[in-house]
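Reader: I have a structure to look at. Please show me how to read its packing.

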Amino acid sequence: MEYPVNVTQIYKDVELISLKNIEQIIKAEITENPDKYDIASSFNKLQLSYLKIRSDSEQGKYSYVPAWALSRLVDYSNEQNAIFVNAIDGTIINLENSL
């Protein structure tokens, strides 16, 4: 997509990784990077949504990618310490580098 909102391409029939594989990817991420996540309290929310991801190769272009978000819901209003996984290829999405 281009700003303001100009759809440039749509992919159809995209297969998503199974939830079982997503679970393994998330466990591996937490195990390999324990300093990035507060593992003292448990995650309690898993949601499939679309994330707007900045293109690495073309400035000003973004894609909406299906992604699993595992987070901790605090006080039923704030989400904390989320882990985002691309539901197509299983990569961990770092939001600071993607927006």
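**Reading the core**

Author: The largest nonpolar core holds 11 residues: Ile17, Ile22, Ile26, Ile30, Tyr37, Phe43, Trp68, Leu70, Ile83, Val85 and Ala87. Such a core is a set of buried Ala, Val, Leu, Ile, Met, Phe, Trp, Tyr and Cys residues joined through side-chain atoms within 4.5 Å. Buried means under 20% relative accessible area, exposed over 50%, partly exposed in between (1.4 Å probe, protein chains only). At least two core residues come from each of α1 (19-32), β2 (62-74) and β3 (78-86). Helices (H or I, at least four residues) and strands (E, at least two) are DSSP runs, numbered from the N terminus. The model is predicted: local features need pLDDT of at least 70, side-chain atom pairs count only at pLDDT 80 or more, and totals for chains, interfaces and linings use all residues. Residues are numbered from 1 along each chain as its sequence is written, and side-chain values use heavy atoms, leaving out hydrogens and water.

Reader: Which residues does Leu70 touch?

Author: Contact means heavy atoms within 4.5 Å. Leaving aside residues up to four places away in sequence, Leu70 touches Ile26, Phe43, Lys45, Leu46, Asn81, Ala82 and Ile83.

Reader: Is Asn86 buried or exposed?

Author: Asn86 sits in strand β3. Asn86 is buried, because its relative accessible area is 11%.

Reader: Where does the side chain of Asn86 reach?

Author: It reaches the backbone nitrogen of Asp89, at 3.2 Å.

Reader: Which ring does Lys52 lie over?

Author: A charge sits over a ring if NZ of Lys or CZ of Arg is within 6 Å of the ring centre and within 35 degrees of the ring normal. Lys52 lies over the face of Tyr62, 4.4 Å from the ring centre.

Methods: A polar contact is a pair of N or O atoms within 3.5 Å; within protein, one must be able to donate a hydrogen and the other to accept it, and residues adjacent in sequence count only if both atoms are side-chain atoms.
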